[in-house]
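Hi everyone, thanks for coming. I'd like to walk you through a structure that may be new to you, so let's bring it up on the screen.

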Amino acid sequence: MSKQLKVALIGNPNTGKTSLFNQLTGLNQKVGNYPGITVDRKQGFCKLSDDVRASINDLPGTYSLNASSADEQIVVETLLNHEHPDFPEVAVVISDIENLKRNLLLFTQVKNMQIPTILVINMADQMERRGIKLNIPLLEEKLQTRIVVTSSRKGTGLEELKKQILDYKELPLKPCVEIEEINPAYFEKLETQFPDIDGYKLWLMLSQEMAYKNLDQKLREVHSRLPEISPSELKRLQQKETIRRYLVINSFFNEAYQVDKNAASDWRSAIDRILTHKIGGYVIFFLILLLIFQAIFNWSSMPMDLIDGLFASLSEYLNNNLPEGTLTSLLAEGVVPGVGGVVIFIPQIAFLFLFISILEESGYMSRIVFLMDRVMRRFGLSGKSVVPLISGTACSIPAVMATRNIENWKERLITILVTPFITCSARLPVYLIIISLVIPNQNFLGFNMQGLTLMVLYLLGFGMAVLSAAILNKILKIKGRSVFMVEMPAYKLPLPKNVLITVIEKTKSFVVGAGSIILALSIVLWFLASNGPSDDFKNATEIVTSQPASQHLSPDELNTAVSSYQLKHSYIGILGHAIEPAIRPLGYDWKMGIALISSFAAREVFVGTLATIYSVESDEEETIKTRMSQEINPDTGDKLFNFPTGISLLLFYAFALQCMSTVAIVKRETNGWKWPLIQLAFMSCFAYLCSLTAYQILS
Amino acid sequence: MKQTIADLNRGERGVIENFSPDDIPLKFLEMGCLPGNEVSLIQMAPFRDPIYINVNGNNLAIRKELANLIEITIVK
């Protein structure tokens with residue numbers, strides 16, 4: 001049996017750490033160019049020699065072992081806790097050639113953990129262009145380590161790195177900075193109190209602002225007995241530590257790292273002058289945004305239609321070819337449409353992440369954050385909220401996930417809470433069908449009125465998001481401690497492989513995360529719609545057949561009449577009747593109530609549900625539309641889908657949080673039910689009041 | 001009148017003065033914002049906020065509220 005070595009990759013964001021991880025392990029992973037993109041635990045395997053294998057753990061990117069976020073805390077705990085499953089036998093600190101000095105700060109901290117540590121200097125392909133010369137032997141001597149120079153872009157230096165990992169027993173354990181040097185009196189006292197624990201480990205436990213979740217027995221015990229320290233004193237010691245480390249690094253740095261400014265080409269600042277220009281920068285950003293929207297909606301419409309058609313025919317095929325029964329019904333009417341409801345979003349989500357990942361990889365994303373921060377801050381948001389809000393036009397789920405790199409909790413929470421107001425792609429089918437029913441297809445001041453209505457709905461969503469953000473900013477009393485600071489990385493040509501990996505990974509996480517909820521809910525809804533408590537439901541066929549009106553129906557028409565009758569008496573039909581008193585003031589009847597309830601799985605289900613209720617046989621949009629336009633309101637004798645009802649419905653869908661998956665994802669990201677429930681209640685009430693007002697005024 | 005990073009104009013450089021670290025986030029210190037280090041302004045967003053600076057070789061965007069806290073001597 002071969003031996004396995006545990007290796008941890010540690011490094012600053014934007015150093016190409018994850019690229020190197022991909023190169024070593026060949027596993028599909030994500031490369032970020034935007035601070036804090038590596039979040040999940042990433043593990044891969046790599047063959048070091050014939051009989052030794054490495055299990056490599058790609059730890060979240062961090063600038064320091066003084067953690068200020070949960071991701072960074074993972075790094076500290078992994079290195080501190082000997083019983084941690086990922087506790088490494090070898091630590092590899094990845095640095096990049098451009099920001100080597102800053103990277104060395106983290107390196108000297110890791111070196112204090114008394115784990116054999118290798119230093120990788122990555123992006124070696126940039127050395128010549130930047131006119132950088134390194135004195136490796138000097139660096140190795142001063143840093144008490146072995147250095148491997150790599151290029152994760154070109155894949156060079158990997159064999160050398162594997163060799164050094166194999167020879168890890170040769171690595172010196174001596175730290176570069178002794179912790180006592182920071183404040184001898186303080187640390188000597190601390191070490192007398194806890195003689196069997198290393199001073200730096202004590203310091204790490206003492207100074208972290210994040211709570212430890214994963215410590216072994218001994219460290220937990222020590223942690224509980226650590227002396228109190230005032231925040232001000234702590235801060236002073238931390239500053240001293242940082243100064244001390246930089247002092248040590250500076251003592252040899254200029255000798256070991258020489259830059260010939262004449263040899264360096266500086267197109268970075270030239271690009272920055274254009275892309276972050278006070279006016280030009282915004283124009284370019286706006287144009288890029290326009291391009292992205294165009295692409296997302298144009299390019300994805302064809303695959304989406306294709307998927308839609310495919311699943312519809314699959315349902316039909318199953319219905320026609322499998323023996324009739326509950327299982328067939330579950331498959332054809334529950335599972336297949338459920339899966340279809342998930343798959344339909346894949347094209348849009350994939351395209352969205354294609355663009356987002358190109359923006360991140362190229363380094364442009366940080367410039368967007370820089371440009372937009374001031375504008376967004378007025379509404380209690382951050383420059384980093386721009387990405388989630390843009391993503392929200394495709395789907396709230398990835399958008400809420402994309403808020404993770406907003407370090408200020410209040411700004412992040414507000415972004416999460418307002419994102420579902422943005423018009424997502426699931427609202428589109430609902431909007432389109434209702435608009436075509438109630439808005440005349442005429443020109444108004446040269447513009448098509450239906451198109452205008454759609455645009456107004458988009459603006460309404462965006463306006464509501466911004467307005468509620470401003471209100472939340474006033475109401476919420478959360479003191480945000482962390483401070484806005486964004487690294488502006490060098491511009492890079494995105495690597496197609498990295499972009500592709502991101503797209504696949506994000507799409508997969510949507511399908512697995514949101515997809516399972518949509519699917520589960522579709523099955524529940526199927527059950528509610530295909531079962532009923534009363535004899536009316538069970539004997540639907542006999543009852544409908546015996547009705548005088550049914551005598552002249554064709555067998556097909558009879559079938560649809562039966563299913564319509566069944567739906568009326570199913571659990572969901574009963575539910576629809578139950579909520580009718582509440583929704584009648586909005587202009588809806590119980591059938592629309594059913595559609596409202598079932599569209600909780602995903603908004604676009606609204607159309608399909610109405611199709612079933614109105615016993616439309618085919619799923620063709622035109623047919624559903626014609627049928628809907630014929631529906632009569634029994635109270636007034638008018639058309640049911642008239643202008644007031646239509647507007648009321650549009651407003652309801654614009655504002656209500658009609659999406660189970662969003663609720664689930666907000667629960668996950670805010671760590672509890674409090675915020676998703678508040679969000680759900682607020683948005684539903686607001687939507688209800690808006691629709692009520694609109695209907696009452698218009699009708 | 002004391003000058004801070006927020007007073008820099010585009011292309012200007014300054015040297016960071018001694019400061020009390022109480023209000024300064026540790027992360028910013030670790031980025032090299034320490035007494036004696038050089039800071040230069042690369043770009044400003046409208047209304048001079050946020051600003052895009054280079055401190056100790058690191059390119060960062062920070063908000064004015066943070067820039068206001070760091071006193072500097074502007075190098076002409």
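How many salt bridges does the structure hold over all chains? The count is 19. Please keep in mind as we go that this is a predicted model.

Let's start where the two chains meet. Chain A brings 39 residues to the contact, and chain B brings 34 residues. Between them, the chains bury about 3,400 Å², and 58% of that is on carbon and sulfur atoms. On the chain A side, the residues that lose the most area to chain B are Lys235(A), Phe370(A) and Met485(A); together they make up 21% of what that side buries.

Now for the charges. Side chains of opposite charge can pair when their charged atoms come close. Across the interface of chain A and chain B there are four salt bridges. One of them links Arg374(A) with Asp49(B), where the closest N and O atoms are 3.7 Å apart. Counting polar contacts between the two chains gives 15 residue pairs.

Which parts of chain A supply at least two residues each to the side that touches chain B? They are α3 (100–111), α9 (231–256), α10 (267–275), α14 (364–377) and β11 (485–487). Of these, α9(A) gives the most, with eight residues. Sorted by class, that side of chain A has twelve nonpolar, twelve polar and 15 charged residues.

Three bridges join β11(A) to strand β4 of chain B, residues 58–62, and the two strands run antiparallel.

Let's go back to Asp49(B) for a moment. Besides its salt bridge to Arg374(A), Asp49(B) is joined to Pro50(B) by a cis peptide bond, with omega about -5°. Pro50(B) sits in the loop between β2 (38–44) and β3 (51–55) of chain B. For context, most peptide bonds are trans, and most residues other than glycine have a negative phi.

Gln114(A) has a positive phi, near 60°, and Gln114(A) lies in the loop between α3 and β5 (117–122) of chain A.

There is also a salt bridge inside chain A to show you: Asp272(A) meets Arg268(A), at 3.9 Å from N to O. How far apart are these two along helix α10 of chain A? They are four residues apart, which means that about one helical turn separates Asp272(A) and Arg268(A).

Finally, let's zoom out. Chain A is divided into domain 1 (1–265) and domain 2 (522–698). The C-alpha centres of these two domains of chain A lie 57 Å apart.

Terms used: Residues numbered from 1 in each chain as written. Chains lettered and ligands numbered in written order. Predicted model: local features only at pLDDT ≥ 70, side-chain atom pairs only at ≥ 80, totals over all residues. Heavy atoms only, no water. Contact = heavy atoms within 4.5 Å. Buried area = accessible area lost by both parts, 1.4 Å probe. Salt bridge = Lys/Arg side-chain N within 4 Å of Asp/Glu carboxyl O. Polar contact = N/O pair within 3.5 Å; in protein donor to acceptor, adjacent residues only side chain to side chain. Nonpolar A, V, L, I, M, F, W, Y, C, P; charged D, E, K, R; others polar. Pairing = 2+ DSSP bridges. Domains from an automatic or database assignment.
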